[in-house]
Each structure stands twice: as C-alpha cells, then as structure tokens.
Amino acid sequence: MWNRRKFIAAGAALGTLPGLVHADEARGMLTKPIPATGESLPVVGLGTYNVFDVDSTTEAIANSKEIVTRLTGAGGSLLDTSPMYNRSERVIGDVIEAGVVRSDVFLATKVWTDGRDAGIEQMNRSAKLMRAEVIDLMQVHNLRDTAVHMRTIREWQDEERIRYSGLTHYTAGAHDALAQEMAEFKPQFIQINYSLGEREAESHVLPLAEDLGIAVLINRPFQAGRLFKAVAGKELPDFAREFADSWGQFFLKFIISHPAVTCAIPATSKPHHMADNLGAGFGTMPDASMRERMADYFSSL
Ligand SMILES: NC(=O)c1ccc[n+]([C@@H]2O[C@H](COP(=O)([O-])OP(=O)(O)OC[C@H]3O[C@@H](n4cnc5c(N)ncnc54)[C@H](OP(=O)(O)O)[C@@H]3O)[C@@H](O)[C@H]2O)c1
C-alpha cells in the first residue's frame, strides 16, 4: 500500500481541508510501491541531464555530491542518467567514490544505441563508470532498438546485474508508440514527460501504466525550466499556500499526486534547488479536485 492511504487517514483525523490530503510527516518522504515488486520508491528523485555533465574537478564533484547528499538525506534515492548525458554517469561514479553510499541511491540509466553487441558494450561501460556492480533500472532510451535491448536487459536481470527494466521517451508525439511497446514488452518502468505544461500523458499512457502495473518516472517535470519562466514575478496563489512553499513544489506536487505516477526526476545543478524540490515529497498532497484547480490556475496565467 502506498503511503497516501495513511495520509488520507491522517488527514481525516486532522480535519483535512477539501481538496487536500495531509501527509504523515513523521514517516519521512512519501513513497509509492513499484508495482512489479512492491518495493517502495521515494516520490522525488534527481535527473542528471546537463546538470551532471561537469568536469571531475574537486569543486564540481563536491557540488554534485552535495546535491545527492541532500536527496538521500531527505529520504530520496533515484538518480536518472544516460550514456547520452556525456559525463553524467562518470560523475555519479565520482560521487559514489567521494562517499555517497551505493545502497542509498537507486541508479537508473539507459541504453541508447543500435544492436545487441553495442548495447551490451554500453551497459558494461555504464556499470563501470557508475561503479555499480548492479544497476537498479536499465531503460531503453527513446525506444531505440527496444526489442533487441529488452532481450539483453532480461538476460542481465536473470544474472542479477540489473534489477528493473524500463522504456523512456520525452515527447507526447511518441506516446502512441510507447503505449504499443508497453503492451508488447511489459517493462517494469516507463519514463515519460508530464507536467502542468504537458498533460498529454493523462489521456492514455498513465491509465495504461496503471492497468499494466508499470511504475512511472516523470521526466521534464518543469519542462526543462520553462514552467518557472511562465510564473516569473508571480506569487503563489493563496489556495496553494496550504501545500506548497514554492513554485517548484507546486509543479512537483501536481505530478506526484497523480495516482499512476511513482516518482518525478527534476534536474538541478544547485543544492538549494534540490532542497526545494525535495520539499514536494512532504506535507499536504493535492487530491483530484485540487489538481484540477492547479491546472486551471496554471492555464489561466
Ligand atoms: N528521453 C529521456 O529519457 C529523457 C528526456 C528528457 C529528460 N530526461 C530525464 O529527466 C530529467 C529532468 O528533465 P530535464 O532535465 O529536461 O528538465 P526539468 O527537470 O524539467 O528542469 C530542469 C531545470 O529546472 C531548473 N530547476 C530545478 N529545480 C528548480 C527549482 N527548485 N527552482 C528553480 N529552478 C529549478 C534547473 O535549473 P538549476 O540547475 O538552476 O536548478 C533546470 O534548468 C533529466 O535530467 C533526465 O534525467 C529523460
């Protein structure tokens, strides 16, 4: 059972305002179960596209480590990367080498190439760069050569070198193709774009994931930062103050309170933005009617 049930119970006891679900703060960050196994996953993670593509200088690694330490310190765990993100996998390895405990992080990377041999070579390289004997989640990046790589991922799962399988994309134009592949390959995770600025996943992909029992990671939760530009200079509306201290938390709570969503993976290069984003995993959660109010408000801007 994901914690929201407990939050609902706690909220009822506290006399929850209509439209809101109070979290049980003492239990730490909200988690949701991975449907394939029931393992709990904290609802806020970290994307590394661009932001971990940094030199291995002491200063840069210290900054990346500080971001990851804030994540794990708040009970979060998921780091999402890809061989496509240049130096990011190596920086994750550097951060682990610098003292982040491997078992405190859930490492999600991707395979992004054509052909079985190239895929195997890339996955081996990812494991080496991240200093990870076992990769928690291996995703086929942007549905590239899915059938071939899913076969390898399953073999590696049998050998306990990969824990979970996944498929990713980042544009609504690919949702139909993704839905077809979800039905055909039955991955344990998908990763898609979903936010207040891009709600297309609500119509088909998110309900399908729920039906098929597939965990859902959300990329581009801020539309690569565009959502912040849309609210630049604007105060949070009064109705949001009950559950969000910042626009970042407003945007993330809209996402993680969707019943099909397991975890959002905002990217940041700044420890204080990581701390802000982690706040979305705590406190009061919007319910369905509040989510509609948030969406109406955002589209009126
Ligand atoms: N095909 C795929 O599989 C795919 C495609 C796209 C993305 N992804 C994954 O999803 C992750 C997230 O998507 P994304 O990187 O495109 O963008 P995003 O998370 O939607 O937005 C990142 C931007 O938001 C800013 N930001 C973060 N937290 C903030 C805060 N609290 N206040 C103000 N600004 C804040 C960041 O700037 P600062 O650095 O200044 O904080 C950065 O410019 C990626 O890193 C990647 O891991 C996967």
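The following legends describe close-up views of a predicted model.

Local features in this predicted model require pLDDT of at least 70 and side-chain atom pairs count only at pLDDT 80 or more, whereas totals for chains, interfaces and linings use all residues. Residues are numbered from 1 along each chain as its sequence is written.

View 1. The chain has a mean pLDDT of 93, pLDDT being the predictor's confidence in each residue, from 0 to 100. A value of 70 or more is reached by 91% of the residues. Over residues 1-16, by contrast, pLDDT stays under 50. For this segment the model has 23 contacts beyond four places in sequence (two residues are in contact if their C-beta atoms, placed from the backbone, lie within 7 Å).

**View 2. The shell around the ligand.** There are 29 residues around the ligand, each with its C-beta atom, placed from the backbone, within 6 Å of it. Gly47, Tyr49, Tyr170, Asn219 and Gly248 come nearest. By class, the shell comprises 10 nonpolar, 15 polar and 4 charged residues; Ala, Val, Leu, Ile, Met, Phe, Trp, Tyr, Cys and Pro count as nonpolar, Asp, Glu, Lys and Arg as charged, and the others, Gly among them, as polar. Helix H10 (residues 271-278) gives the most to this shell, with 3 residues. Helices (H or I, at least four residues) and strands (E, at least two) are DSSP runs, numbered from the N terminus.

**View 3. The buried side of helix H7.** Val205, Leu206 and Ala209 are buried in H7 (residues 205-212). These residues cover an arc of only 100° around the axis, which puts them on the same side of H7; the arc is that of the directions from the helix axis to the C-beta atoms. A residue is buried if 20 or more other C-beta atoms lie within 10 Å of its own, exposed if 12 or fewer, and partly exposed in between, with C-beta atoms placed from the backbone. The buried residues of H7 pack against helix H6 (175-185), strand S9 (189-193) and strand S10 (215-219). Gly213, whose phi is positive, near 70°, follows H7.

View 4. Among the buried residues are Arg90, Val91, Ile92 and Asp94. The buried residues of H3 pack against helix H2 (58-73), strand S5 (78-80), S6 and helix H4 (116-129). Gly99 lies in the loop between H3 (88-97) and strand S6 (106-111), and its phi is positive, near 125°. Gly99 counts as exposed because it has 9 C-beta neighbours inside 10 Å.
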